[in-house]
Amino acid sequence: MSPNSHRPLTEDVVHRKLSNGLTLLIKELHAAPVVAIDTWVKVGYFNEEDDQVGISHVIEHMFFKGTKLRPRPDQIAAEVKALGGELNAGTYYDFTHYYFTLPVQSFSRGLEIQADALLDPLVDPGELARELEAIIQESRRKLDNPPAFAAEKLYELAFRRHRIRRWRIGQEESLRAFSREKLLEYYRRHYTPKNIILSVAGDLSAERVVEEAERLLGGLPPGNGVGSGSPAEPPQEDFRFALLRGDIKRAHLLIAFRSAPLFHPDDLPARVLATVLGRGRSSRLVQEVKEKRGCVESVAAGTEVFADLGTLRISAELDPNRLAAAAESIAGVLQGIRSSGAAPDEIGRARSAVESQYYFSQADVLGVAMNLAYYEALGDFRLADEFVRRLQAVTPEAVSEVAGRILRTEAASLLAYVPDEGEPVPFDAGAARALITGSGRGLVPELPLLPEESRRAPQKGSTATADAAPRRLPLPGGATLLVEEVPRLPVTSVAILFSGGRLHETEGNAGISRLALASMAKGTHTRNALRLASEMESFGCSLDRVLDDDYLGLSIGILSRYLPGGLDLILDVIRNPTFPLEEVERERRVQLSAMESLKDQAMGYAVTLFREVAFAGHAYGLPPFGSPESVQRLGPEALASWHASLFRPDRMVVSVVGDLRAEAVLELLTERMAHWPVMGDAPVASAAAEPVSRIVVRSETRRKAQTFQVVGFPGVDVSSEDNYPLDLLQSTVSGLGGTFFEAIRGKRGLAYVVGASNMAKRLGGYFVVYLGTSPDKEEEAREILLHEVAKIRSSGIPEEEILRARSYILGTYPIALQTHPARALTYAAAEIQERGMEEVLAYPSRIGAVAPGQVVEAARRFLTPERYALGVLRGS
């Protein structure tokens with residue numbers, strides 16, 4: 001940590017063992033009146049025998065599906081919702097966990113519910129059968145997700161014996177064979193106190209948690225807690241290759257190397273190596289393979305590490321005709337780092353990224369609870385701090401040595417997943433081996449020397465000493481500053497938004513806002529693309545794009561000591577982009593590729609089809625990346641003109657949340673925004689979107705395992721008072737325990753995805769329902785949805801369901817606004833949409849004032865079965 005670091009994460013953590021051996025971790029965090037409860041079980045896919053594959057995940061699904069005290073399948077979800085909390089769970093290779101995030105006043109009830117689920121699971125056979133169908137839908141959904149599918153197939157290729165090679169969610173036939181007895185036998189063997197960690201973080205005293213935990217969980221029988229591990233994997237000494245084909249539009253290239261397991265001396269240097277190779281825009285793979293040679297649209301590297309194995313994985317998305325070029329370029333990068341090693345500046349950027357991530361993760365109670373539980377499961381919760389210290393002590397020499405040991409291309413596994421239509425891809429095992437293992441020229445990017453002044457700290461006395469409510473302050477040129485002082489952590493989030501963008505696009509220039517925003521960060525009068533990326537990542541952060549229908553902009557989350565340099569850079573990008581032709585062409589290729597990639601994203605493409613008919617003839621209905629014709633027409637001059645019309649101080653809101661005083665932030669921004677001329681005409685105001693007047697449908701059929709459909713009923717714009725009852729309606733019908741969710745998934749198991757959203761925009765809106773089903777269940781699921789709509793219109797909604805939904809919104813709202821980035825962006829978006837920052841603060845009281853009758857009345861007005869837009873990506 002830096003000399004001025006705040007207290008370590010694990011300081012003041014209370015560690016207890018209950019009388020039965022269950023581990024208890026408590027971290028008091030008093031920043032917000034919320035608490036997270038995470039029950040962490042040290043069992044996952046690795047513990048499953050071959051005839052049990054997927055059983056850990058099935059138990060996860062059944063955990064909240066009823067107890068003897070709460071026998072209804074939706075009862076636990078409904079009770080947590082009524083407490084104002086969120087519940088969820090997850091299964092991975094070496095753990096399963098179940099978590100609530102709640103208002104602090106609901107802690108005791110929340111822990112009592114978790115304890116009941118842990119001590120007395122019902123596992124009703126009928127409910128199990130229905131949930132197994134939902135899990136099978138989830139598995140099919142993964143088949144339709146090219147990156148996720150390819151990643152699991154890569155492990156199948158790279159490993160011969162270890163359990164990581166299996167399709168972890170389980171196959172349909174074996175899933176349907178699971179019985180109540182088999183689940184309970186596995187549960188009783190593994191869900192014992194020695195295997196369980198209860199991690200609690202939030203705004204309450206440790207003494208209270210210890211008392212409640214002992215009372216509620218001390219009766220769990222001790223048990224042995226012994227679980228089988230995976231068979232050991234022999235070393236890999238051969239090159240392995242697989243070519244898969246599917247109904248996809250873009251190719252996916254993945255390469256895996258055996259790395260070091262946890263606690264091995266090579267583990268942490270390998271993680272830094274992966275960062276240097278493929279994390280961030282200044283990383284070697286991004287610079288050499290994507291930016292310089294244009295072989296891929298995206299590329300990244302990362303590690304996955306467990307007690308008995310580790311992998312370093314490179315993944316890329318690309319044009320299938322560029323597979324050979326991409327493989328050759330990746331091999332050049334690997335050769336470059338093996339031969340030349342890592343530069344000190346690259347290690348410095350990795351250290352800054354680790355430190356920044358360490359602090360930002362501490363603003364979220366659930367993130368803290370999960371982090372502590374994860375490291376305790378590895379042996380000691382204090383490793384959460386120790387790993388960060390060790391990562392920051394990794395030297396360039398250690399990274400270089402590990403690169404030589406790990407990046408052995410003759411012992412790599414390479415998988416290519418390509419479209420099955422069009423010309424056959426000329427890429428086979430022989431070609432891949434020759435390209436990857438050849439001793440070609442090493443590729444080493446020339447990194448710019450960064451001036452030390454770019455990392456200068458704010459002036460002394462700039463740090464805030466206490467929380468202060470957000471303030472609105474004027475900036476030069478008519479811009480607005482929103483600033484909130486939160487001095488708990490040494491980090492700051494900045495969101496800079498401008499009104500308009502996609503809202504003003506036409507069919508002829510569709511996609512221009514996205515292309516302009518991407519190209520702005522590729523060069524200014526004083527910084528080229530590599531300098532921009534290197535400088536920003538030296539601060540431990542990235543320059544993130546914000547692109548909404550109604551606004552666009554940039555944001556950063558940065559260590560506060562680097563804020564002056566961060567503001568220099570982000571405002572240089574905003575004020576002085578040069579739109580170099582070569583960089584525009586590069587970003588154009590990426591955007592054209594993204595159009596095709598979107599077609600591989602089932603839900604995203606279904607939403608696009610829906611919007612085409614819901615907002616026909618309006619900018620909101622244009623494709624999100626534009627069309628090939630419109631984007632091909634856009635050159636640097638068009639982008640510069642578009643930029644001049646939108647990126648003006650009189651259309652600008654800056655939102656800053658962090659540990660600096662408002663006056664210090666105002667001074668930093670005023671200095672950098674002086675003499676900012678307004679150039680070009682502002683865009684002409686757009687007309688409101690016309691809602692559909694009948695049922696309109698847009699559909700496409702693909703060879704997919706699932707069908708996704710989006711049903712949208714005409715709603716309201718973002719300024720309407722009807723948004724409050726519609727938000728309550730959304731909470732009432734969607735999510736665990738929601739009306740639509742229970743009717744379609746809970747009672748019938750027809751869908752894995754059932755959700756709703758009040759899609760309110762500046763110039764119109766829809767109340768949208770999302771459904772993900774097997775192709776043969778598409779019409780049945782939609783019929784049930786419309787039947788539930790008819791029931792609501794005729795019979796209303798039980799008042800207790802609406803009150804439960806209200807409690808849920810009021811409880812989860814402060815949970816969603818815990819983090820600096822969430823607060824900064826939420827304030828800025830409200831201000832730019834002319835709702836005002838005050839709306840963010842007043843929202844809970846506005847929701848609390850809505851009567852149940854108003855929700856029913858809104859449902860009858862807006863849920864119109866004779867008038868809706870439907871977008872369907874149909875599987876076959």
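Two strands count as paired if DSSP finds at least two bridges between them. Helices (H or I, at least four residues) and strands (E, at least two) are DSSP runs, numbered from the N terminus. This is a predicted model, where local features need pLDDT of at least 70, side-chain atom pairs count only at pLDDT 80 or more, and totals for chains, interfaces and linings use all residues. Residues are numbered from 1 along each chain as its sequence is written, and side-chain values use heavy atoms, with hydrogens and water left out.

Let's start with a hairpin. Strand 1 (residues 14-17) and strand 2 (residues 23-28) run antiparallel and are joined by four bridges. Val14, for instance, has Ile26 in strand 2 as its bridge partner. Five residues lie between the two strands, and Gly21 in the turn has a positive phi of about 100 degrees.

Now zoom out. The chain has 31 helices and 22 strands. Its radius of gyration (over C-alpha atoms) is 27 Å, close to the 29 Å from the globule rule (2.2 Å times the number of residues to the power 0.38) for 876 residues, so the chain is as compact as a globular protein of that length. Along the principal axes, the C-alpha atoms fill a box of roughly 70 × 65 × 65 Å.

What about the inside? Of the 876 residues, 61% are buried, meaning under 20% relative accessible area with a 1.4 Å probe, protein chains only. Among contacts (heavy atoms within 4.5 Å) with a separation of 6 or more, 83% come from residues 24 or more positions apart.

Key: Buried means under 20% relative accessible area, exposed over 50%, partly exposed in between (1.4 Å probe, protein chains only).
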